[in-house]
Amino acid sequence: MISHKYMTKIVGVMVAVAVALCFLAMLFSQRIVETLGGNVVALQYPTKLFDTDTPIEIDIRMAEGEWEDMLENAMAEEYYACDVVVNGEKIDHVGIRPKGNTSLSSIAMDPDTDRFSLKLEFDHYEKGQTCFGLDKLILNNNYADATNMKEALVYDMYQYLGVDASLYNYAKISVNGEYRGVYLALEAVEESFLVRNFGTKDGELYKPDSMRMGGGPDGGDFGGRPPQDEEGTDFAQKEPPWERGENPGEAFHDRGDRKPSDMGKMPGGGNGANLNYTDDDLDSYSDIWEGEVTGTGSKDHRKVVKALKNIDAGTELETYLDVDNILKYMAVHVFCVNLDSLSGNMAHNYYLYEQDGMLNMFPWDYNLSFGGMNMGAESSASETVNDAIDTPFQGTDFFDALLENETYLAEYHEYLRKLAEEYVYGGRFEEAYRRIRGQIDGLVETDPTALYSYEEYDAGAQMLYRTVLLRAESVRGQLNGVIPSTDEGQKADDAMLVDASEIDIEVMGVMRGKGGTGREEQHGRRDAKSVEKNEGLGYTEQ
C-alpha cells in the first residue's frame, strides 16, 4: 500500500507532467498557426480532403474568358484568380495556373486537348488562407498514363511504409458547374506538408531539376515568355524527339559502364541535381539552389554541400541523412521502376529537404512509373518487371553508401520484402486496386477531356494489375537469391528472370508526346485483340 506521503509526491509529479504537456501543446499549436500565416486553422485536410474512400469534389469558378485565356497561355504558367468550392466549402480569391514540364509542353502542342495539370494556391492572393489547413493542391491530368492509377498506387505504397510523402486522392473537377474530368489530387510539397510531417517549416526545401524548361521549382515562371531552346525556338513550336523518330527512353535507361559520378556537367547530371558531390564550390550545385521552394542563402547551401560530401564519403550517415526515411523511399521508388527520375539519367522529380544539416528526400511525379519511359521497346517489359534492386540508380551515386553498408542494405531489403509479400501478396494492393476502380470507372467513362478512351483505360488498368504482381514476384526472387539482383548479374545469367512476355508496356501508356494521349488520330485505337489480350490478367469488371 502506498503511503500518503508518497501518494502526494506521485500526484504532484503527474500534475507537473500534465502542465508541461499542455505547455508543449500550446507551443506546437502556436508554431502551426505562425507557420500558416497566423490563420488559426487546424490541419483538417488529411481527413477532409485525403480520405481515399471518397473522391474530392472541386468546382472551379472563374469568368469563361479568363479560363480560356489561361489555357491558351498555359506555357507561361501565370496565376489567375478564381473561386473554388471544395467538398461544399467555398474559398474566394484562389490562385490557379497550369503546371508541369513535359506534360505541360506536350498538351500545349496538341491542338486536340487542353487538359492541363493544375495548381491551386489558396494563399496566393490572401496570405494565410488555406483549404482545411492546406496551402496548395496539385491536380494531375494523368498524362501518358492510360491506367489513370500509377501515381495513386505508388503513393499508396509510400503510405503503407510510412514514408514522408504527399497525401493523395482522386478529384472530380468541374469548371463553373460543368464536369471537366477526373484528376489525381496531391498535397503539394510546401508549407502545409512540412508542418504535417515535421510540425515546423524551419528546414529548407528544394526541387532540383537539371531538365527544367524554365525558372521555378516545377517547370517555370517564364514571365509570360515560353521556354526556348539554344537557338531561341519556343519548345511549344519545336517538333518533339518522338516526332523525329527518336526514342528519348533509350538515353534515360543507359545501362553502360559509365558511372554517374563521371557525368559531371553532362545532360541529365546538370549542376548538382544528381546529388553527386563534386567539390566545395557552391556554383557547382546551381540546379539545386535554382529549385529552392523556401527562401535560402549561401549559409543554407553550404550545409547541403557539407552533407553531400559526407554522404559521398560514407561518413556519419545518420548525422547527414534521414536514413530510415530514405531507405523506405528507395524501396518504393525501386519497386515501381520510375526512370523519369534519378533511377534513369533524369536528375529531377524529387524534393530535397535540409534541416539542421541533415538531408531528406520526398517523392514526386510517378505517372511514368512501371516502364512508362521505355517507349514500348520489345525488351522493356522484362527490364521493368525484373529491374535490378541492388543497382537501381543510374543517374546518381547518392544512394551508394547505403547500398554498400550491410546493415542499411538489409533494412532496404526488408522494406522491399514488405512491399512484395505484405502489400502485394498480402491483399493491400488488391484492395487499393478495387477501391480505385470502383471510384473512377464511371468518372473516366464520362470524362469529357480524357486522354484515353474507357476501353484503353480498362485494358491499361488490367495490364498494370498483372505488371505489379510480376514485379513483386521478381523482387521476391531477387531477395531470395533466385534471380540476380544486379544489372551485371542479370546480363550474365537471365535464365531465372520472371517471364514478362504477356506484358505490353505500351498498353499502360508511355511517354510519347502527342501519342502519349492515346487519341485515335495520333497513334491508333487499341483493337479488340488488344483488349482481349488483357482478359484473365487480373481484375475484370463484372
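Reader: Is Phe 399 buried or exposed, and what is its relative accessible area?

Author: Phe 399 has a relative accessible area of 1% and is therefore buried (under 20% relative accessible area; 1.4 Å probe, protein chains only). The model is predicted: local features need pLDDT of at least 70, side-chain atom pairs count only at pLDDT 80 or more, and totals for chains, interfaces and linings use all residues. Residues are numbered from 1 along each chain as its sequence is written, and side-chain values use heavy atoms, without hydrogens and water.

Reader: How is a pair of aromatic rings described?

Author: The distance of the centres and the angle of the planes describe such a pair. Rings of Phe, Tyr and Trp (its six-membered ring) pair if their centres lie within 6.5 Å; planes under 30 degrees apart are stacked, over 60 edge-to-face, and the rest tilted. The count here comes to 21 aromatic pairs. One of them, Tyr 158 with Tyr 366, is edge-to-face, at 5.9 Å centre to centre and 65 degrees between the planes. Both Tyr 158 and Tyr 366 are buried.

Reader: Why is the pair of Tyr 329 and Phe 399 stacked?

Author: The ring planes of Tyr 329 and Phe 399 stand at 15 degrees, with centres 6.4 Å apart, so the pair is stacked. These two residues are 70 residues apart in the chain. Tyr 329, at 2% relative accessibility, counts as buried.

Reader: Which residues do ring pairs link into a cluster?

Author: The cluster consists of Tyr 155, Tyr 158, Tyr 329, Tyr 366, Phe 393, Phe 398 and Phe 399.

Terms used: Buried means under 20% relative accessible area, exposed over 50%, partly exposed in between (1.4 Å probe, protein chains only). Helices (H or I, at least four residues) and strands (E, at least two) are DSSP runs, numbered from the N terminus.
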